[in-house]
Amino acid sequence: MKHAAIIILALLMSGTVSAQTEREKYEAAKRQAMGQYASQRKKAMAEYAAFRKKANEEYAKFMQEAWEAMRVSKGEKPPAQPKPKRAPEAVPDKLPPATPLPTPIVAPSPRQVPPPPAPEVEIPEPAPTVPTMSFAMYSTSCTVHASDDLRFTLPSLNEKSIAETWKVLSTEKYDGLLHDCLEQRKKLNLSDWGYIRLLKNMSERLLGKGGNEAVLMQMYLLTQSGMKVRMARANGRLVLLVPFDHNLYDYSFITLDGDRYYALDKNLSGNIEVCKVAYPQEQVASIVMRELPALAYKPAAKRTFEARQFGTLRAEVAGNKNLVDFLNDYPVSSAWECYANASLSKELKEALYPALRAQIRGKSQKKAAHMLLDFVQTAFDYATDQDQFGYERPLFGDESFFYPKNDCEDRSILYSILVRDLLGLEVVLVHWEGHLGTAVHFTDEVEGDYFTIDGKRYVVCDPTYIGAPVGLTMPQFKNAKARIVRL
């Protein structure tokens, strides 16, 4: 027994030693890997710093060459839509037989919104000793490290003066500011357009509102952030020109190398001088939002929305006024998917979705879709954009809960969001001349008017045809050609 105990003890000690050895090996390997990562990271950052230094030196050099005179084209107005003055009502007890609708024109699948343009390697953080500066972004407090020595004066708008000032901006002391701006962008979930607004607010807080220095700083930070942008002189001031992946309405523009560059100053007109220099690895900005920005919550007036046919579908919501202000300033674009794919704000989902989920729980796909359809058809008052705003403008989903009324495109945008979020079904927008509706791909067998797209059946659901159930198309569009917008 004594010998057995000694043997067992030796085995246990051997296991302990073995375990300790394995842990030591693991820790040693971990330290080695971390050391290699730190070394590679340091090397990558040094290489990227050298790349940026060379790129900015060459950029400043080319900026000294003569700028090209160009004429600005006036911004286009959103196309007028001959919408009905009031929402038509269906007669559900006299439904015609469901039929396949004419083969539609199917727009190409929207390209996946790329990640926001950003430097390939992280920008060094500012030293903790650098003082901070606060500024507001739609009543949302933002903070960056910015000392007084970041302020500068642009002596003149001639090529040499701008190039020399660009060299100053290219020094390492501005890296911390660039780092903080990129971090604020991530924190607030800002789209490309939102980031442009952020840089405008920050630079004007630092350098003065409307000054040429602020515009030049915005130009510098945008190029360093990976965004394609050009600069112009017009009537003694600098103007930024940015190309987007979709046409924007109401913004003046120039056409350069086949792309429309939109002036961020809506009042720009006439002749301008453009610096056509391209920055390496620049990307065209996207107007499409992958999600709504996370702005500070300022409650709008609480409103109650209740369906007519299914009166149990009732919800009280108070939208975010700061978000509504941001969306009100968002450019009107030709991209329907911009509005539908932005979804709803976190605050609105928290107020709305529990009530809707409670009512559709346990229902079939058709019944649930019909209940949501009735909610959008009857819980909102109808008015065309011309009557409500005086011009055409689609509403983001959150805006339908803020403004007194909405029209067919707004209802279709909202319905597409609700069906995708609450039912998990595929939805497309259906664009007839003068009207926008939706069609849903049900995985259950659902009867009704339908389109066949890529071998799948999409059943019409019209949020503006009051009282119309799933599968009923307005009579005037039964044989009309439609254009399908994928989401």
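**Reading strands and helix packing in a predicted model**

Strand β15 (residues 435-441) and strand β17 (residues 456-461) run antiparallel and are joined by 3 bridges. This is a predicted model, in which local features need pLDDT of at least 70 and side-chain atom pairs count only at pLDDT 80 or more, while totals for chains, interfaces and linings use all residues. Residues are numbered from 1 along each chain as its sequence is written, and side-chain values use heavy atoms, with hydrogens and water left out.

User: Which strands make up the sheet of 6 strands, and in what order do they stand?

Analyst: Strands are DSSP runs of E of at least two residues, helices are runs of H or I of at least four, and both are numbered from the N terminus; two strands pair if DSSP finds at least two bridges between them. Here the sheet is open, with mixed pairing and the order β2-β18-β14-β15-β17-β16. Because β2 (105-106) and β16 (450-453) each have a single partner strand, they stand at the edges, and one side of each is left without a neighbour in the sheet.

User: What is the bridge partner of Thr438 in β17?

Analyst: Thr438 has Cys461 as its bridge partner in that strand.

User: At what angle do helices α9 and α12 pack?

Analyst: Axes are lines fitted to C-alpha atoms, for helices over the stretch in contact, and angles run from 0 to 180 degrees between N-to-C directions. Helix α9 (residues 365-378) packs against α12 at about 145°, with the axes 10 Å apart. Contact means heavy atoms within 4.5 Å, and the residues that make this one include Leu372 and Phe375 of α9 together with Leu414 and Leu418 of α12. Helix α12 (residues 408-423) also lies across β14 (426-432), β15 and β17, running at about 15° to β15.

User: Why is α9 described as largely enclosed?

Analyst: Buried means under 20% relative accessible area, exposed over 50%, and partly exposed in between, with a 1.4 Å probe and protein chains only. Helix α9 is largely enclosed by the rest of the structure because 12 of its 14 residues are buried, among them His370 and Asp374. The cover over these buried residues includes β10 (303-306), α8 (346-360), α12 and β17.

User: Is Leu256 buried or exposed, and which residues does Leu256 touch?

Analyst: Leu256, which lies in strand β7 (residues 253-256), counts as buried because its relative accessibility is 4%. Not counting residues up to four places away in sequence, Leu256 touches Met70, Arg230, Tyr261 and Lys276.
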